[in-house]
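I would ask everyone to look at the structure on the screen while I go through it.

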Amino acid sequence: MQLWYNNVPLHSLGTIEGGGQHWAPDPDATAPQRAKVTLKVRLHFIQISFGANRVQVDAARAALRVPRAILRWVNEATSAEYLNREVAIGAYDWPDDGKGNTRHQWIVLEFAWHEQDKTVPYLTATWRRSMSPPAVAPQLTLGNVSRFSEGYSAARYSPLRSARSGANGRVSLAGQFLADTTKPLADRAAAWSRSKSSG
Amino acid sequence: MTEINGKDGQLVYGAFDRTVRVEEFSAEASADMDALNWTLTASYSRYPDESTGILAEYEVQTNEDAQTGQVSLSLSGRIVAPDAATAHSIYATLKGA
C-alpha cells in the first residue's frame, strides 16, 4: 500500500497498515446521496531506537500539518489507484502502549472527505419570480429539498361565529445545493463566490 | 437572492403549486463548501380569493347632542377589494344604505 499526502510519500517514512473505510450518510439526507467518508491507516515506524523513530514520526507530522491536501492511495502490487482526491486530515494519535517498546512506534491517521451523488433522484422545488407581462423571469431549480412543511391559520370576525375574515397558508422548505466534492476546496469556494456575486 | 427579491412568485414542490410571498430566505455554505444549505418560508392567501374576494368591515354610530338635539351618523371601517373601482362601489353601496 502506497500513500501520498500532499505529495509526501508516507509509505517511505514507515510501513502502512490498514485502510479501513467508513461511510456515514448525513442524517438529514432524503436519500443516501451524501456521506462523510473516513479512511483510517496506521503508519508503523520500526527503528533501532526511540530517537530514530521520533525523527520519522516528526517527518510524518510535518507532512500532516497541511490540513487539506491531495491523498493518493496506490496498490503497488497491481498499480491500481484507489484514491486521488482532496481530503481533510482528521484527529490522529500517537498511542503509547506502555510496554516500553521504543523500537516500534506508530501513529494512527484518519483522513476524511464527503462523497455525494448528485444524480440520485430526489424531489426538488422550482421558483419563478412574478414579473409584469410580457416579461417572464427564469425558472430556478432549488436543488435537493430535504424538508417541507405546510401550515394554515384563520382569523374570524367573532370567536362565537364561524365566518372567517381571512385564512392564510404558510410553507417552509429546506434544502441543499450540492457541490462537486471531487473538486478541490479552492474550486468550490470560487464557484460559491461566483454564485454570490451573480446574485 | 436576486430572484427571491420580488413581490411574489410561483413555488412548485410536488403537488404544491401556488403563487406565494417569500417571508424569509437564508442560504449558508457549509464549512468545506460541499453544500449550500438554504431555508425558505413563504405565505399565501387561502381565503378569500385575492383576485375576486371582497372584504368589508364597518361600524355605524348614531350620536345625539343632548343640548342642541343635533343627530349625527358616522360610518367607519375598512374595505378590501381587488381594485379601487370595486372598493369605491362597495363604499357607495354602504353609504346609500
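Across the interface of chain A and chain B, the rule finds 16 residue pairs in polar contact, both residues being at pLDDT 80 or more. A polar contact is a pair of N or O atoms within 3.5 Å; within protein, one must be able to donate a hydrogen and the other to accept it, and residues adjacent in sequence count only if both atoms are side-chain atoms.

On the side of chain A that touches chain B, strand E11 (164-178) and helix H2 (185-197) are among the elements that each supply at least two residues. E11(A) gives the most, with 15 residues. Helices (H or I, at least four residues) and strands (E, at least two) are DSSP runs, numbered from the N terminus.

A word on conventions. This is a predicted model, in which local features need pLDDT of at least 70 and side-chain atom pairs count only at pLDDT 80 or more, while totals for chains, interfaces and linings use all residues. Residues are numbered from 1 along each chain as its sequence is written, chains are lettered from A and ligands numbered from 1 in the order in which they are written, and side-chain values use heavy atoms, with hydrogens and water left out.

How many residues does the contact take from each chain? Chain A gives 44 residues and chain B gives 40 residues, where contact means heavy atoms within 4.5 Å. The rule also finds two salt bridges across this interface, a salt bridge being a side-chain nitrogen of Lys or Arg within 4 Å of a carboxyl oxygen of Asp or Glu. In a salt bridge of 3.3 Å, N to O, the side chain of Arg129(A) meets that of Glu3(B).

Strand pairing also links the chains. E11(A) pairs with strand E3 (residues 35-47) of chain B in the antiparallel sense, over 12 bridges; two strands pair if DSSP finds at least two bridges between them. Here Phe177(A) stands opposite Leu36(B) in E3(B).

Finally, please turn to Glu86(A), which is found in strand E6 (residues 80-89) of chain A. Is Glu86(A) buried or exposed? Glu86(A) is buried because its relative accessible area is 15%, and buried means under 20%, exposed over 50%, partly exposed in between (1.4 Å probe, protein chains only). Its side chain joins that of Arg68(A) in a polar contact of 3.4 Å. Beyond its neighbours within four places in sequence, Glu86(A) is in contact with residues including Trp113(A) and Pro184(A).
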